[in-house]
Amino acid sequence: MTSSPAPMPGLTARDYKSEVKPVWCPGCGDYSVLLAITKALAELKLPPEKVSVISGIGCSSRMPAYMNSYGFHGVHGRAVALATGLKLSRPDLTVLVTGGDGDGFSIGGNHFLHACRRNVDLTYIVMDNRVYGMTKGQPSPTTEPDWDSALSPGGTGLRPFNPLVIALASGANFIARGFSGDSNGTARLIVEAIKTPGFSFVEILSPCITFRQDQRGWKKIVRPAPVDPTEDIGRAARRLMTDDGFNLGILYVGGREPYRLQLEGGEREPAELESQFVV
Amino acid sequence: MTNRITIESVVDLLAHAKAMETEALERYLDLAEQMEVHHNPEVAALFRKMARVEGLHVEKILEKAGDKTLPHIPPWEYQWLESESAEAITVEDAHYLMTPHHALTLALRAERRAFDFYSRVVATAAPGEVLELARELMEEEGEHVGLIEQWLAKVPEPDEDWAEDPDPPLLQE
């Protein structure tokens, strides 16, 4: 949790949305994730100017444009690195990172591992649709091995990446899974993720209704996890290793202290830092 | 999401009613925007019309509330019968080529969910103010269901190939 800014009592979820109209396909789960994020921010009463949303590239990475907070639509796979720099230099901000499975686990896979390890106080929201939607439906790291498509006839045959297990093994301090079809439940997960100090990872199953019509069936498969959140990393590991990918809720909450920048001589003004680079 | 509704005060019921109508209004506005972006002006206009109607319902609830202070309820603690707000159209059911018939079918489903919600409150509330208000709200939702059914009956059903796009925006090549 960041230092406490003055709460904004009168704001509703809609106040956190920008005037920009989303260009996602109608029916896309990302609309509901946007709704969940804005509901969470309204619930926390965070002033929009104290929130920054950082993203990479992909459909879900358009998120910052649709929000009435600060934001940065960065380069492919580098959102977590950007967000880490921002949070370390501006610890007063609530920094959210948003993106998809391809951006986060393939192009940005290495940043993901080390962000978990560093445990900087960020909330990383990955809208996982198990496909590269923006570039017309190539398999992503989380795609099932037998998913057959024009671009991957017969499927890739590759074992899918398990982001929750990787996050746990790498040191993430909070791990949860939500579903876009439950924006209220997902808002609760995001609230808890923001409130928990350190690196919080929230995977949100968000169907791609254009290239993964089969994901419309997720609504009938997802279910609340049958267990309470655990602080025991061993127990969490066993749960996540045997999880079928459709258990929703907070799955692990650790107690690691987040990494904070220790500046010699205390904090310095940006102008003072810039003066070192004047030619 | 709950199977058992325990709303024991008028202000709690009004808070649910306000949230339900407000979220329905906002969802219609979102859907209208989606249809505008995807060049479906006919359905966009229909969703905007529905949003205006829901706006009137919000005003009506606020009138009923008068000077009562409604409690703040976190989004996940409302006692809807399903995970989402009772009267809000599910975003996942939208399609860029949807027809007015599809839109009204979704609206009808949402109104029926609202009716079911109040019916459940009526079935579980003890005699008194909450029961009376719940019954009143249930009857209003029942009227809305009837109006949309009449509207839907006047709208042509979609062609079988309504979702076929000869030039799809996102075709795997």
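# Exercises on a predicted two-chain model

From the N terminus on, the elements of chain B run α-α-α-α. Helices (H or I, at least four residues) and strands (E, at least two) are DSSP runs, numbered from the N terminus. The model is predicted: local features need pLDDT of at least 70, side-chain atom pairs count only at pLDDT 80 or more, and totals for chains, interfaces and linings use all residues. Residues are numbered from 1 along each chain as its sequence is written, and chains are lettered from A and ligands numbered from 1 in the order in which they are written.

## Exercise 1. Chain B and its contact with chain A

Describe the secondary structure, span and burial of chain B, then the side of chain B that touches chain A.

Solution. 

1. Chain B has four helices and zero strands.
2. The C-alpha trace of chain B spans about 60 × 30 × 30 Å along its principal axes.
3. Of the 173 residues in chain B, 39% are buried. A residue is buried if 20 or more other C-beta atoms lie within 10 Å of its own, exposed if 12 or fewer, and partly exposed in between, with C-beta atoms placed from the backbone.
4. Two residues are in contact if their C-beta atoms, placed from the backbone, lie within 7 Å. Among contacts in chain B between residues at least 6 apart in sequence, 77% join residues at least 24 apart.
5. The contact between the chains takes 26 residues from chain A and 20 residues from chain B. The chain B side has eight nonpolar, five polar and seven charged residues. Here Ala, Val, Leu, Ile, Met, Phe, Trp, Tyr, Cys and Pro count as nonpolar, Asp, Glu, Lys and Arg as charged, and the others, Gly among them, as polar.

## Exercise 2. Surroundings of L106(B)

Is L106(B) buried or partly exposed, and which residues does it touch?

Solution. 

1. L106(B) belongs to helix α3 (residues 100–124) of chain B.
2. There are 19 other C-beta atoms within 10 Å of L106(B), so this residue is partly exposed.
3. Not counting residues up to four places away in sequence, L106(B) touches I89(B) and D93(B).
4. A88(B) is 18 residues from L106(B) in sequence and 9.3 Å from it in space, C-alpha to C-alpha.

## Exercise 3. The sheet of chain A

Give the strand order of the eight-stranded sheet and explain why β2 and β7 of chain A each have one side without a neighbour.

Solution. 

1. The sheet is open, its pairing is mixed, and its order is β2-β1-β3-β4-β6-β5-β8-β7 (chain A). Two strands pair if DSSP finds at least two bridges between them.
2. β2 (70–73) and β7 (223–224) of chain A stand at the edges with a single partner strand each, so one side of each has no neighbour in the sheet.
3. Strand β1 (residues 51–55) of chain A runs parallel to β3(A), joined by five bridges. S52(A) has V95(A) as its bridge partner in β3(A).
4. β3(A) and β4(A) also pair in the parallel sense, over five bridges, with G100(A) opposite M127(A).
5. Seven of the seven residues of β3(A) are buried. T94(A), L96(A), T98(A) and G100(A) point one way, and V95(A), V97(A) and G99(A) the other.

## Exercise 4. Strand β5 of chain A

Work out how β5(A) is paired and covered.

Solution. 

1. Six bridges join β5 (residues 174–179) to β6 (residues 200–205) in chain A, and the two strands run parallel. R177(A) stands opposite E203(A), and G178(A) is partnered by I204(A).
2. Four bridges join β5(A) to β8(A), and these run antiparallel; A176(A) stands opposite I250(A).
3. Six of the six residues of β5(A) are buried, so the strand is largely enclosed by the rest of the structure. F174(A), A176(A) and G178(A) are on one side, and I175(A), R177(A) and F179(A) on the other.
4. The β-α-β crossover from β5(A) through α6(A) to β6(A) is right-handed: with the strands pointing away from the viewer, the path from the first strand over the helix to the second runs clockwise.

## Exercise 5. Helices α4 and α5 of chain A

Find which residues of α4(A) and of α5(A) are buried.

Solution. 

1. In α4 (residues 109–118) of chain A, the buried residues are H111(A), F112(A), A115(A) and C116(A). They fall within an arc of 135° seen down the axis, so they line one face of α4(A). The arc is that of the directions from the helix axis to the C-beta atoms.
2. In α5 (residues 163–170) of chain A, the buried residues are P163(A), L164(A), A167(A) and L168(A). Their arc is also within 135°, so they line one face of α5(A).
3. N119(A), which follows α4(A), has a positive phi near 60°.
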